[in-house]
Amino acid sequence: MVGVLDYGFCFGAYFVGDDVKRVTISRRKVLQVSLSLSGLLLLNSVRKFLGYQEPAAQARQLTLDAPEAYAVGSVTAVPGGHCWVVRDEAGVYAVTAVCTHLGCLVNHEAGEFACPCHGSRFRPDGSVIQGPAVQALPHVAVSRTAEGLLRVDMTQQVPAVERLVVG
Ligand code: FES
């Protein structure tokens, strides 16, 4: 016959026939395991507080609608691309959606980009309105494909003044 009993700091016991076998665990071991678990919980809380997000898989090069499809003044999220396509009077550009503070994805609301993690705000051109972020959202390369579609290349940063001129 096999069974299990509970014993305080004794981890448990089992018996085979009439022999009771104790499985013990020292107080030191219990303390070590408790401290390790507490440490992991604390670390996870700090990670969440800082707003860290696991980098999601994202498309690095995207082919989108023709540049003419973006109206002057529009700000359009690129699905899965972690960037926004913006068209102003000078043309079309793409600005990354990854906040320069700690990497959260910014939202577009009320004519500006707003970070939900710690409140940084950016103008449509990516420049900082309010911290804690101190660096502007980087611009990435845009071009027109042979088929006349908009191509966004997240692997290439470009100066914030660069535009794809739309005729
Ligand atoms: S990640 Fe902190 S303000 Fe954006």
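1. Two residues are in contact if their C-beta atoms, placed from the backbone, lie within 7 Å. By that rule, among contacts in the protein between residues at least 6 apart in sequence, 35% join residues at least 24 apart.

2. A word on the source. This is a predicted model: local features need pLDDT of at least 70, side-chain atom pairs count only at pLDDT 80 or more, and totals for chains, interfaces and linings use all residues. Residue numbers start from 1 along each chain, as its sequence is written.

3. The overall make-up comes next. The protein has one helix and 13 strands. Helices (H or I, at least four residues) and strands (E, at least two) are DSSP runs, numbered from the N terminus. From that end on, the elements run β-β-β-α-β-β-β-β-β-β-β-β-β-β.

4. How much of the protein is buried? Of its 167 residues, 21% count as buried. A residue is buried if 20 or more other C-beta atoms lie within 10 Å of its own, exposed if 12 or fewer, and partly exposed in between; these C-beta atoms are placed from the backbone.

5. Now the core. A nonpolar core is a set of buried Ala, Val, Leu, Ile, Met, Phe, Trp, Tyr and Cys residues joined through C-beta atoms within 7 Å. The largest one holds 26 residues, of which Cys 83, Val 85, Ala 94 and Val 152 touch the most other members. Strand 4 (61–64), strand 6 (83–88), strand 7, strand 12 (139–144) and strand 13 (150–158) each supply at least two residues of this core. In soluble globular proteins, nonpolar side chains tend to be buried together.

6. Which residues does Val 85 touch? Leaving out residues up to four places away in sequence, they are Leu 64, Tyr 70, Thr 76, Val 78, Val 92, Ala 94, Leu 150 and Val 152.

7. Strand 12 has two pairings to follow. Two strands pair if DSSP finds at least two bridges between them. Strand 7 and strand 12 run antiparallel and are joined by two bridges. Here Val 95 has His 139 in strand 12 as its bridge partner. Strand 12 also pairs with strand 13 in the antiparallel sense, over six bridges. Ala 141 stands opposite Asp 153 in strand 13. Strands 12 and 13 form a hairpin with five residues between them, and Gly 148 in the turn has a positive phi of about 85°.

8. Strand 10 (residues 121–122) pairs with strand 11 over two bridges, in the antiparallel sense. Arg 121 has Gln 130 in strand 11 as its bridge partner.

9. Two loops deserve a look at the backbone. Ala 110 lies in the loop between strand 8 and strand 9 (112–114). Ala 110 has a positive phi of about 50°, although it is not a glycine. Ala 110 is exposed, with 6 other C-beta atoms within 10 Å. Elsewhere, a cis peptide bond joins Gly 131 and Pro 132, with omega about 20°. Pro 132 is in the loop between strand 11 and strand 12.

10. Is Cys 104 buried, exposed or partly exposed? Cys 104 counts as partly exposed, with 19 C-beta neighbours inside 10 Å. Cys 104 sits in the loop between strand 7 (91–96) and strand 8 (107–109). Cys 104 and Pro 116 are 12 residues apart in sequence and 7.5 Å apart in space, C-alpha to C-alpha.
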